[in-house]
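Hi,

Here is the structure I promised to pass on.

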Amino acid sequence: MPLVYKTLTAQHAESWQALRFEGARDFPLGFLVTEGEAAAVSIERCREILNNGTLRGVFDETKLVGFCGFRREPLERTRHRAQIGPFFVAQDYQGCGAAQTMMQGAIEEARSNGIEQLELFVDTENHRAIAFYERQGFERVATHPDVTRIEGKRRDDYFYRLKIGD
Ligand SMILES: CC(C)(COP(=O)(O)OP(=O)(O)OC[C@H]1O[C@@H](n2cnc3c(N)ncnc32)[C@H](O)[C@@H]1OP(=O)(O)O)[C@@H](O)C(=O)NCCC(=O)NCCS
């Protein structure tokens, strides 16, 4: 399958809006945003968000099938780090390598820009995502308590990092 990693821009707004809504609706443990909050974001706001340059996508030829946040820390003392997330692949494309293409794309992009540490948070009960991140080489560093409240329940995240440099 010709899967390709690239930066998302305003021209991807419609497909990104639909995919983000699908993710928030179907995988509440994988998103901070709720289904209702995702549905309320206008297409103009989606274009603005995408024009920030902080989202990457994985494409099956021209079809957007997954996306992730990629945010480099801006300060001199922190710019060796970048945050990954959200990280989502459409259900039809899970288990087929699309997630790996996207993560490897992010790792290559980080490496070629001198970023030495990728960081992410994942719900402690998001077992599939945890298995995926650990297979990509991420190591668990800490537990972040009470990160989300879903249906009245306090939920914790794990904090993971991937060392890219020495
Ligand atoms: C997280 C995500 C991107 C991973 O992509 P994927 O294509 O599903 O990942 P893969 O199939 O390559 O790897 C998942 C691994 O979890 C395993 N797995 C599947 N279901 C599982 C479960 N319920 N519990 C534990 N492991 C599970 C798979 O067997 C696979 O492991 P393996 O490669 O050793 O066999 C994707 O599942 C997704 O978009 N999930 C919804 C959004 C989300 O939760 N994102 C994470 C936010 S932090």
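Three elements each supply at least two residues of the shell around the ligand: strands β4 (81–89) and β5 (117–123), and helix α5 (127–135). Of these, α5 gives the most, with seven residues. Please keep in mind that this is a predicted model.

The shell as a whole has 18 residues, and the closest to the ligand are F87, G95, N126, R128 and R135. Sorted by class, 11 of the shell residues are nonpolar, five are polar and two are charged.

Which atoms of F87, V89 and R135 come up against the ligand? For F87 it is a backbone N or O atom, 2.7 Å from a nitrogen atom of the ligand. V89 also uses its backbone, with a polar atom 2.9 Å from a ligand oxygen. R135 uses its side chain instead: an N or O atom there is 2.7 Å from an oxygen atom of the ligand. On its own the ligand would expose 950 Å², and the protein buries 69% of that area. The space that the ligand takes up is the largest pocket.

Strand β4 has something else to show you. P86 lies in this strand, and the peptide bond joining G85 to P86 is cis, with omega at about 0°. The phi of E61 is near 55°, a positive value in a residue that is not glycine. Both features are worth a look because most residues other than glycine have a negative phi, and most peptide bonds are trans.

Finally, the aromatic rings. How many aromatic pairs does a search of the whole structure find? There are 11 of them. One of these is F31 with F67: the ring centres are 6.3 Å apart and the planes meet at 55°, so the pair counts as tilted. F31 sits in the loop between α1 (13–26) and α2 (35–39), while F67 is in strand β3 (residues 63–72), so this pair ties together parts that lie 36 residues apart in sequence.

Happy to talk any of this through when you have had a look.

Best wishes

Note on methods: Residues numbered from 1 in each chain as written. Predicted model: local features only at pLDDT ≥ 70, side-chain atom pairs only at ≥ 80, totals over all residues. Heavy atoms only, no water. Near = heavy atom within 4 Å. Polar contact = N/O pair within 3.5 Å; in protein donor to acceptor, adjacent residues only side chain to side chain. Areas by Shrake-Rupley, 256 points an atom, 1.4 Å probe, with all protein chains shown as cover. 1 Å grid on protein atoms, 1.4 Å probe; cavity = no way out; pocket = protein on both sides within 12 Å on 5 of 7 lines; lining within 4 Å. Sits in = over half its atoms within 2 Å of the grid points. Helix = DSSP H or I, 4+ residues; strand = E, 2+ residues; numbered from the N terminus. Nonpolar A, V, L, I, M, F, W, Y, C, P; charged D, E, K, R; others polar. Phe/Tyr/Trp six-rings, centres within 6.5 Å; stacked < 30°, edge-to-face > 60°.
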